[in-house]
Amino acid sequence: MARRVVLGALPGGGMGLRVSRPGFDVLDPALAGQQLAFDSRWPTAARLHMEGSVVCAAAGNLTTYTTVGFGVDFGVLPPVLVQMNNGNGWQSTDWNYNGGSWQAAGGAIEACRIFSSYMQFWHPVVAPTRTYRYLVMRPW
């Protein structure tokens with residue numbers, strides 16, 4: 001029976017997770033891509049589209065809006081991980097689907113909405129400066 005899963009030292013060097021298809025030894029460094037079900041060294045394994053951060057600050061007595069475009073319209077809402085820091089450390093939130101966009105459900109990041117081609121952060125007048133960091137994944 002062939003060894004099919006390795007987590008740790010990988011053939012050919014490096015660390016990670018590798019899973020072979022039935023009948024193929026996962027520790028064989030000569031395995032071709034079609035003989036593997038998964039290899040964490042594949043560049044598209046995580047489906048990461050983009051990452052970054054944005055700083056939102058109040059502008060006098062005006063609420064400010066910051067839009068970050070994805071550079072593509074996915075046609076569906078992509079998975080996005082967002083954290084916010086308002087000077088009290090990094091905080092995450094829960095999300096609700098609301099009429100065509102994902103909107104934060106209270107908690108730390110009530111001011112972020114996700115659409116199919118962009119996300120929008122708003123900064124209320126009374127809040128301190130906020131820094132958001134995000135990861136946008138391809139939905140397919």
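Modeller: Let's start with L81, which at 55% relative accessibility counts as exposed (over 50%; buried is under 20%, partly exposed in between, with a 1.4 Å probe and protein chains only). This is a predicted model, where local features need pLDDT of at least 70, side-chain atom pairs count only at pLDDT 80 or more, and totals for chains, interfaces and linings use all residues. Residues are numbered from 1 along each chain as its sequence is written, and side-chain values use heavy atoms, leaving out hydrogens and water.

Biologist: Which residues make a nonpolar surface patch with L81?

Modeller: A patch joins nonpolar side chains (Val, Leu, Ile, Met, Phe, Trp, Tyr) within 5 Å, from residues with over 30% relative accessible area and no salt bridge. Here L48, L81 and L135 make one of about 260 Å². L81 lies in strand β6; strands are DSSP runs of E, at least two residues, numbered from the N terminus.

Biologist: In what order do the strands of the open sheet come?

Modeller: Strands of a sheet pair through backbone hydrogen bonds, either parallel or antiparallel. Pairing needs at least two DSSP bridges. Here the order is β1-β2-β3, with antiparallel pairing. β1 (5-9) and β3 (36-39) are at the edges with a single partner strand each, so one side of each has no neighbour in the sheet. Five bridges join β1 to β2, and V5 stands opposite V19 in β2.

Definitions and conventions: Helix = DSSP H or I, 4+ residues; strand = E, 2+ residues; numbered from the N terminus. Patch = residues over 30% accessible without salt bridge, like charges linked within 9 Å, V, L, I, M, F, W, Y side chains within 5 Å. Areas by Shrake-Rupley, 256 points an atom, 1.4 Å probe, with all protein chains shown as cover. Salt bridge = Lys/Arg side-chain N within 4 Å of Asp/Glu carboxyl O.
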